[in-house]
Amino acid sequence: MKQLLKIYSLIALLSGLVAMLFIAIPWENLSSKDLTVVVSFLLNGTVWGVLLFCELSKRAYSLLIIHWLFCFLFFFAIAFTQYMHGVFPWVGSLGHDILLQTNFILLAWTAVVWVGYKGSFTKNKAEAAASVGLRIPQWLVLSLTCFTVSNTVYRVVAIGFSALLARATSVVSYGMESSAAGMFVGHSFQALSFFAAVFSLLAYRQKRRGLLFVMITMTCLLISYFPTSMARYATAAIYGGLLLIVFRSLRSNRLFILSLLGGFLIVLPFLNAFRNTSFLEVNISNVVANVFHHLGDAWLSGDYDAYTLLVLVLEHIKFYGITWGMQFVGVLLFWIPRAWWIAKPVGTGHFITTQAGWYFTNVSAPLPAEGLINLGQGGYLLFALFVGWLMGKLDRSYWKKAEGSSCNITSYSILYPVLIMFFFFMNRGDLLSSTAYTMAYVVNWWLLCKCCPKVKL
């Protein structure tokens, strides 16, 4: 039955992807397009599609699956749609030569990432060691519940309940004059509220008591960080990660990837309506209608500029050269305040657009672009090798324990679902902001796990 469900899920995903392409891409413009560029797009799309389905035949979700899905959507389906329309975000049209070069670079990136991923699956002595699980103490659940209740009350009192429902009106400063300090505290409180719900749920599974704490923390999470009140990546990380933790059956079927694809096509464009408008001013029915009727048009907007920014990085290094790793240094040292380090590198998207003299600099910078701006067209393959190797290590660490028993609670099994969701955001970039946001969750997860007694599994 499970095997049959997996096959049906894969067929449904394939049907969804094919339907999406036929709906969004204006095929009537094909005759006016360059054949070699079209073939390069279709070749890359086929490669990513095959790699995606090969991985989905092995497991329900992984960092590599997220990466291939991102490549298929942003570098093929969306980029090809933009090419067929003749309109790329921010720049309009692009020349055939730069498009062919970009597609070749992406194909090389794909091959090296795959090699790095496969090379990470080597046997080592550490894997033979006994797994260590967590026993979640009741005092920690109580403390986290008190925190999340206090945080919810503070947020409601500070700006009002209705203001918490839309991103445009939900900002709470927590009394911090510094925007950087307020952002750090805000993301840490968001992470703690998320882990309060997770730890209370896992404690209930272990002891079969404490259901009241689960209900309280889940309710507080929903009120404090309503899906329409946050950046889309944060909504995906919190509620997508929670979905993977709550429903353990998602480990053995392909419904999560189907849900993720549906969320990408429908939910994320829907959430965009609350970005600059209060909740009460949004016409829900109109927003839903626009999502379904203007799928291809939505892909022409700046929210889907990953391919464009990769092209801009290629053009940038032709004139200005590479940064020789300084963007990576900024990522590694993101925690140093800019007031202490005046020359601290900014995000790659911001850096490229500032150099180009743009007034709008809030753009993306996908992982291949990060490798190119730091290491150039030769060195970026080393970054691709590292990305593939790291994904393999993280995926293997989770699945070799998850396949053993779905009831065991390990520290990494709590973090991995969040990483899955944040990694999609990290693929789009830029790496500086996505790393900073992800580390707010990683640090709080690490501190909370340190409070839990360890047990051998």
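**Labels and their grounds**

Modeller: R428 and D305 are both buried. Bear in mind that this is a predicted model.

Biologist: What makes the contact of R428 and D305 a salt bridge?

Modeller: The N to O distance between the side chains of R428 and D305 is 3.3 Å. A salt bridge needs a side-chain nitrogen of Lys or Arg within 4 Å of a carboxyl oxygen of Asp or Glu, so the label applies. The pair links distant parts of the chain, with R428 in helix α16 and D305 in the loop between α11 (295-298) and α12 (306-320), 123 residues apart.

Biologist: How many salt bridges does the rule give?

Modeller: The count is three. E55 takes part in a salt bridge with K58, where the closest N and O atoms are 3.6 Å apart. E55 also forms a salt bridge with K118, at 3.9 Å between the closest N and O atoms. In that pair, E55 is in helix α2 and K118 in helix α4 (residues 96-119), 63 residues apart, so distant parts of the chain are linked.

Biologist: Is E55 buried or exposed, and how do you know?

Modeller: E55 has a relative accessible area of 3%. Buried means under 20%, so E55 is buried.

Biologist: What makes W27, L30 and L42 a nonpolar patch?

Modeller: Patch residues need over 30% relative accessible area and no salt bridge, and nonpolar side chains are joined within 5 Å. L42, in helix α2 (residues 35-56), has a relative accessible area of 35%. That is over 30%, so L42 passes the area cut-off, while still counting as partly exposed. Together W27, L30 and L42 have about 230 Å² of accessible area.

Biologist: Why is N374 called buried?

Modeller: N374, in helix α15, has 0% relative accessibility, which is under 20%, so the label is buried. N374 and M326 are 48 residues apart in sequence and 6.7 Å apart in space, C-alpha to C-alpha.

Biologist: And what makes M421 buried?

Modeller: M421 lies in helix α16. Its relative accessible area is 6%, again under 20%, so M421 is buried. M421 and T438 are 17 residues apart in sequence, with 9.8 Å from C-alpha to C-alpha.

Biologist: What lines the second largest pocket?

Modeller: The second largest pocket holds about 640 Å³ of space. Its lining has 22 residues, of which F386, L390, M426, L431 and T435 lie nearest the centre. Two or more residues each come from α13 (326-332), α15 (367-402), α16 (411-428) and α17 (431-450). The most come from α15, with seven residues.

Biologist: How do the lining residues divide by class?

Modeller: The lining of the second largest pocket has 20 nonpolar residues, two polar and no charged. Leu, Met and Phe count as nonpolar, so F386, L390, M426 and L431 belong to that class.

Conventions. Residues are numbered from 1 along each chain as its sequence is written. This is a predicted model: local features need pLDDT of at least 70, side-chain atom pairs count only at pLDDT 80 or more; totals for chains, interfaces and linings use all residues. Side-chain values use heavy atoms; hydrogens and water are left out. On a 1 Å grid over the protein atoms alone, a cavity is a set of points where a 1.4 Å probe fits but cannot get out, and a pocket is an open set with protein on both sides within 12 Å along at least five of seven lines; lining residues have an atom within 4 Å of a point. Grid points are joined across faces, edges and corners, and a volume is the space filled by probe spheres set on the points. Helices (H or I, at least four residues) and strands (E, at least two) are DSSP runs, numbered from the N terminus. Patches are made of residues with over 30% relative accessible area and no salt bridge: like charges are joined within 9 Å, nonpolar side chains (Val, Leu, Ile, Met, Phe, Trp, Tyr) within 5 Å. Accessible areas come from the Shrake-Rupley method with a 1.4 Å probe; for residues, only the protein chains shown count as cover. Buried means under 20% relative accessible area, exposed over 50%, partly exposed in between (1.4 Å probe, protein chains only).
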